[in-house]
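Here are my notes on the model, as numbered points. Please read them with the structure open.

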Amino acid sequence: MNKQTQKTIAIFTLLVSIFLINPPASAEKKLTGDEIARRINARDEGESVSRKLVMEMIDRRGKRRERVTLGFRKYFGDEKRTVIFYQSPKNVKGTGFLTYDYPKADVDDDQWLYLPAMRKVRRISASDRGDAFLGTDFSYEDIKKETKISLEDYQYSNIGEEEVDGHHTIIIEQIPINKEVAKELGYSRVVSSVDSEIWMTRKSEFWDVRGNRLKTIYTREIRKVQGIWTAHRLEVINHKTGHLTNFTFSEVDYSEGIDDDLFTKVMLKRGVR
Amino acid sequence: MKNQILNTRAEHFFSKVTTYPKTLLTLGIFAILLAVSFIPQLTKDTRTEAFIPTDHPAVVYRDKVEEIFGLKDPMVISVMNDDPEGVFNPHSLNLVRWLTDRVSEIPGIDPERITSLATEDDIIGTEEGMLIEPFYEDEIANQEEATKVRGAVMDFPLYLGSLVARDGNATLIVAELLDESRAQEIYESLLKLVSEAPANGGETIHVAGEGAVAGYLGSYIDADAQRLNPVAAIVISLILFFAYRTMRGVMLPNFIVLGTVGISLGVMAAMDIPFYIITNALPVVLIGIAVADSIHILAQYYEEMAQHPDSTQQALIVRAMTQMWRPVTITTLTTIAGFMGIYFASFMPPMKAFGLFAALGVASAYLFTMIVLPAGLALLKPLPSPVFLIRTGHEKPSSDRYSRFMTKAGRWVATHPTTVLISTALVIVISVIGALQLEVNESRIDNFQTKEVIYLADQAINESLDGTAYLDVVIETPKAEGLLIPANLRRIEALQRYLETLPHVKGTTSIVDYLKQMNRAMHEDQPETYVLPEDADLLAQYFLLYSASGDPSDFEEEIDYDYRLANVRATMDTGRYSDEKIVVEAAQHYIQNTFNVPGITAKLSGRVNIDYHWISSLTESHFRGIVLALIAVWLMAALTFRSALAGLLALVPVGMAILIIYAVMGFSGIWLGVGTSMFAAIAIGVGVDFSIHTIDRLISLVKEDELPLTEAFVQLFPSTGRAMLFNFFAVFFGFGVLATSQVPPLARFGSLVGVAVSVSFLASMTVLPALIKVLQPGFLKPKNKVVEVEIMPETSYEFK
């Protein structure tokens, strides 16, 4: 789907929603939650991408861990493959993490890890969607969706608007469709502030299954790269543990076609560069 | 001469007091109401932690460790099953999950810090790699699944003994508290939860752990106080009734009790000082002490009335007060000195508070006795006590059975001083033998009776699992990732093996155990690979690998975020000081001589270490308290009697009392522990009253009434002796009520002080007079002056 058709669809749905759902008087602002969710997911994220990612984790006492990685992501039809290679610190350099995300919810994802100190590729157990991703405050599901959201897991409603980082946003509330899903995701409620111009979430607040405030994710430094809106910084504050995670992306490149072979166990062991 | 001047001033004062009785009574009531209005603000602090000053180095360090690794004193729920499968049957495992889920919903429990079979992850090696997954996630449907869980758990050495009994018959749910001051409420919620749990598969469930102990003590104390305080009040009222058989003789002292207890608790609340475990003893102790002064004054009052039946009420009161203010003031000062001895000598906040507020209570009792008692009496008409017979002339004083008994006793002592002293010497020798067997020890769980559920729970857990007493060893390296160096990890492993050789240490856990488990998992679970890897990079990569599917907080209790600090936890099956001492000292020695090298050091922490330091300093503070109290009491007595020897003689009965208490403790195996350590200073402060009254009366009889010493003895026993007997009854039964407390340390404390005051009383009535008889001390020589200043001619008290 190219950008032009996307825009067309967006305008079309906007018009439809204005005429069908909202009385013209209150006008365009009152979009339904579902509609907003669809717009977010309609945003282009490129067929494939390569980028440098610095993961910074800070515990509540201010102790820092920093890991520099190179990441690649490519769609194989509906299937998404991701590979991450650790560059530093030295003692994990060369470690690689390969994931195949299958579109069907009931098929477990495949994950492999290459440990250079063992010289072996190891398969690791499929994670639950709500599990922490590599010791960060993101869950596997957060990482998998990147800046998108899941239509089938939540019920959406439009609950207002606010300014976030100087941008106008529409606030949507996401409630998991049932208890099982809530438990899987680890969330009982999510409130996202969605930029109404570029349809990207700028801020999301999460509550755990017991209704405690869990974490806040800020999406910042959003710039267009090769025509695609790209967040260059993700910041998570875990309110329960006081732990922080900052992801900083650089050298983002959507244009270079990535070789399919990169997403294989052989290449995982060989590494890049 | 000085005494006369003082007495004239006292007369003046008490005539003023009896002239404005209503105003003073109103002021007294107002003071009580004001103080009592603060009492609802009182907070309770039953944590054992409360006994240790927050700035104690061991506590400061432990708090720092807690900040890094978590590791708060937890609530521990044990599920036990004697079934051949142990807890590894579908029903018990589902019960553990049920409990775990419910526990996490209890307010005040940290839902992130619950450890049980239902929360922990297994690290399994597979052909392709490593699997980290919960031991079980869903309902266990059949025995086959339960057996699988058993296999997995039994193959994870780290959890054996710590989370699951080695024989599989028990498992724990360990929950940390968000707020330890809510322990009582949380403990009660847990008990309720446990009683509702579907434990119909042969399981028994216990709630124990340090958090539970604190919680249990809270409700224990409430129940105890509700029972003890009314009993003490009734007992004291009965004693007062038998002493005088008049209504006022019961009501007025009870009003003083109200003032004493009300003010000291009210000020405690107003100063925001919490009610500790031992504060429970305070009201009871104060009830006994508060009435002592009025017992002596009322005795004098009725005595005066019996001798001068025609006097006005005011004259009677003024005369009684003028006669008694001096001994009452001295005994008040000495009792305060005793309690302040506790305050100054003890380093434990609850002890300090006890000493301070007991002293405050005694001071308020004194004020009420000096002001409100005469004011109250002044409002009443003279009404003789049936036990103090109206007499005419100067015949024998009143003679109810108590006086007759005391007279006989006095006669005997006066005629047999040597017998008394020789028997005393014998008692002292035997006591020294007993006292030498005194043992300093403490065990928190022994604060409970052996039939209490918490005691049974503790016992059950210590029997089937590694125990609930933790010694933490904090490992420190100078730089981040210092603990990824294999040599350091091997050093930790050696430390663990050493700790496990110490008595009562049942197991140890550290990050090393996890790393070995991971190493084995990465080698297809081959048993011989349950060792530390040699490659530092591999260690770092194991942690990264683990983070791919494990919870980021999984190692929080074992290692800090930048791999610089680690915690080794040794579990002991006893919380007894004498056992902990051996382990702590051995561990300390090992750390200093074997473990510590440049680049890695260790330091002890945890509950066991704190206990060790705390109880070790208890002995010192106990003896320091005794010495301080003795000096203070001696100083008071010597100054008021203006004789160093008189001060020394006043100490003889309490000295004996303390020695005999040590002997009783030594012979009967009662430990000198936290609860019992308070007895001595209190015994001094309370017990010295008897010798003060004896000496003061003797001085007054010899010097003012110019009686020869033998005749003075005869006079002493029926009057002062009788009042002292009731004073003794009040204090003895006051502490006696404490002896029936459900809290064993309080009960022991009450019995010991009971014994101590008995000894003080008896010695003041026997040893002290005998010594005085033999020594003929200078301060008891009659004055050479012939002219006696007229004291208290009856007619001078006709106030208008």
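1. A definition comes before the strand contacts: two strands pair if DSSP finds at least two bridges between them. Strands themselves are DSSP runs of E, at least two residues long, numbered from the N terminus. Keep in mind throughout that this is a predicted model.

2. Two bridges join β6(A) to β5(B), residues 129–134 of chain B. The two strands run parallel. One residue pair can be named: Ile124(A) has Met130(B) in β5(B) as its bridge partner.

3. Now the wider contact between the chains. Chain A contributes 24 residues and chain B contributes 27. On the side of chain A that touches chain B, the elements giving two or more residues are β5 (110–115) and β6 (120–124) of chain A. By class, that side of chain A holds nine nonpolar, seven polar and eight charged residues.

4. Chain B overall. It has 800 residues, and 55% of them count as buried. Its secondary structure comprises 24 helices and 12 strands. The C-alpha trace spans about 110 × 50 × 45 Å along its principal axes. Of the contacts in chain B with a separation of 6 or more, 83% are between residues 24 or more positions apart.

5. Next, a sheet in chain B. Four strands form an open sheet, in the order β3-β6-β2-β7, with antiparallel pairing. Which strands stand at the edges? They are β3 (109–115) and β7 (203–208) of chain B. Each has a single partner strand, so one side of each is left without a neighbour in the sheet. From one strand to the next, the twist averages 20°.

6. Three bridges join β3(B) to β6(B), residues 170–177 of chain B, and the two run antiparallel. Within this pair, Ile109(B) stands opposite Leu177(B) of β6(B).

7. Finally, the helices against the sheet. Helix α7 of chain B, residues 210–244, packs on the sheet and touches β2 (75–81), β6 and β7 of chain B. The direction of α7(B) makes about 105° with that of β2(B). Helix α14 of chain B, residues 453–464, lies across β2, β6 and β7 of chain B. The angle between α14(B) and β7(B) is about 110°.

Note on methods
Residues numbered from 1 in each chain as written. Chains lettered and ligands numbered in written order. Predicted model: local features only at pLDDT ≥ 70, side-chain atom pairs only at ≥ 80, totals over all residues. Buried ≥ 20, exposed ≤ 12 C-beta atoms within 10 Å, placed from the backbone. Contact = placed C-beta atoms within 7 Å. Nonpolar A, V, L, I, M, F, W, Y, C, P; charged D, E, K, R; others polar. Axes fitted to C-alpha atoms, helices over the stretch in contact; angles between N-to-C directions.
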